[in-house]
Amino acid sequence: MIYRPLYVDKIMAYTDTPFVKILTGVRRCGKSTILKMIMEKLREERNISENQIVSYRFDSMEYDDMTAKEMYTELKGRLCQGKKTYFFLDEVQEIKGWEKVVNTLASDYDVDLYVTGSNSCMMSSEISTYLTGRYIAFHIYTLSFAEYLMFKSQYTSLESRKEEFANYIRLGGFPAIHLHDQEEVYTIVRDIYHSTIFSDIVKRSQIRKIDQLERVVKYTFNNVGNTFSAKSISDYLKAERRSLDNETVYSYLDKLQKAYLLHRCSRYDLQGKEILKTQEKFYLADTSLRYSVLGYQSDTVAAALENVVYLELCRRGYRVYIGKIGDAEIDFVAERRNEKLYVQVTQQISSEKTEKREYERLLEIRDNYPKYVLRTDEFASGNYKGIKTMHVADFLLSEDF
């Protein structure tokens, strides 16, 4: 079990506070394991006794058809008399009305509550109604490149950083897959994908035309890193004699986001200082999802590089946009409190024309925030007119941003 301080330390900072700690993220990203790590720290570092720590996994068959009232009765019966009770409620969204149960426990008893879920409906109006001002959400991502290296080093010897980075791009960061042979990886990820599609989207939303949903998925997965709109998808499907209106496409994209398979990245006009509502990009919760659904293709590596950089910026708490400056595009504009940085990602720079294009876009931005060009080919390290050139792997492992 690899320790994940990026999340554990942040969550532990809220231990024994009145806030309900809600962990969300795509299935199998490690939420349940993080709960176990927090329980372990409570026992070892805070001397919390075993009978004060109460854990449930509500996606178990044991709790099928459990009502909110039954859930409340069950949890109330586990309260530790005279001491604080620490509740760890995994995949709690399986119980309809869980929000009211959690709110009642938080209001009426001496408890510290941690819950996880794999669907962002957990962030819906019901939570706002019952837990207003009483919860804090933590988005859990699949393994970062640094976590991947730590994870892998615990059970096998590492190859060169360049080879490990290539493995990471191709195999992704779902923790469970790195305990298996590479041949099994996409089978495991495909299972994660199918369980998310059918449990969190089809079943929950009662979608009947599953083939339409899967066509939207495949179009989106195939266009990672490209700007497109619902109309683009609708027109594409129409050309394939599969009629689908824009509103239905938007609905499907929204559901894929709520299941955390997709992340929507809006465009930001750097001159007009406004977020644009058209031609967005979508990135995947993990690069392995694309390869498990569409197969591995070497010409998609550039898009995968963008994807891992986007996720790393999100992990570190940045709000990430695509930058628009005139007719040019900056891959990422990332903002965090009073910080900002600009990033261009390219697999390789093979000509002076390409080099000029990548750097001049950043030079057009007239401010003093850090600017990066990230690449994976051979290059002379250093700065170019204040723009830092780095290998993508070094950027992902850097502590400077």
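I shall speak about aromatic pairs, helix packing, a strand hairpin and a few backbone angles.

First, the conventions. This is a predicted model, in which local features need pLDDT of at least 70 and side-chain atom pairs count only at pLDDT 80 or more, while totals for chains, interfaces and linings use all residues. Residues are numbered from 1 along each chain as its sequence is written, and side-chain values use heavy atoms, with hydrogens and water left out. Helices (H or I, at least four residues) and strands (E, at least two) are DSSP runs, numbered from the N terminus.

Let me start with helix H6, residues 145-153. Its buried residues (under 20% relative accessible area; exposed is over 50%, partly exposed in between, with a 1.4 Å probe and protein chains only) are Phe-145, Glu-147, Tyr-148, Leu-149, Phe-151 and Lys-152. What do the buried residues of H6 pack against? They pack against helix H1 (5-12), helix H7 (161-171) and helix H15 (392-397), where contact means heavy atoms within 4.5 Å.

Next, the aromatic rings. Rings of Phe, Tyr and Trp (its six-membered ring) pair if their centres lie within 6.5 Å; planes under 30 degrees apart count as stacked, over 60 as edge-to-face and the rest as tilted. The search of the whole structure finds 24 aromatic pairs. In one of them, the ring centres of Tyr-148 and Tyr-168 are 5.4 Å apart and the planes stand at 45 degrees, so the pair is tilted. This pair links distant parts of the chain, with Tyr-148 in helix H6 and Tyr-168 in helix H7, 20 residues apart. Tyr-148 is buried at a relative accessible area of 1%, and Tyr-168 is buried at 4%. A second tilted pair is formed by Tyr-219 and Tyr-236, at 5.0 Å centre to centre and 50 degrees between the planes. Tyr-219 lies in helix H9 (residues 210-222) and Tyr-236 in helix H10 (residues 230-239), so this pair ties together parts 17 residues apart in sequence. Tyr-219 is buried, at 14%, whereas Tyr-236 is partly exposed, at 37%. Ring pairs also link Phe-145, Tyr-148, Phe-165 and Tyr-168 into a cluster.

A charge sits over a ring if NZ of Lys or CZ of Arg is within 6 Å of the ring centre and within 35 degrees of the ring normal. The charged end of Lys-21 is placed over the ring of Tyr-114, 4.7 Å from its centre, and Arg-316 lies over the face of Phe-401, at 3.9 Å from the ring centre.

I turn now to the hairpin. Strands E6 (residues 262-269) and E7 (residues 274-284) pair in the antiparallel sense over seven bridges; two strands pair if DSSP finds at least two bridges between them. Arg-264 has Phe-282 in E7 as its bridge partner. Four residues lie between the strands of this hairpin, where Lys-273 takes a positive phi near 55 degrees.

Two further residues deserve mention. Arg-28, not a glycine, has a positive phi of about 65 degrees; this residue is found in the loop between strand E1 (20-24) and helix H2 (31-45) and is partly exposed, at 47%. Lys-385 also has a positive phi, near 55 degrees; Lys-385 lies in the loop between strands E12 (382-384) and E13 (387-391) and is exposed, at 65%.

Thank you for your attention.
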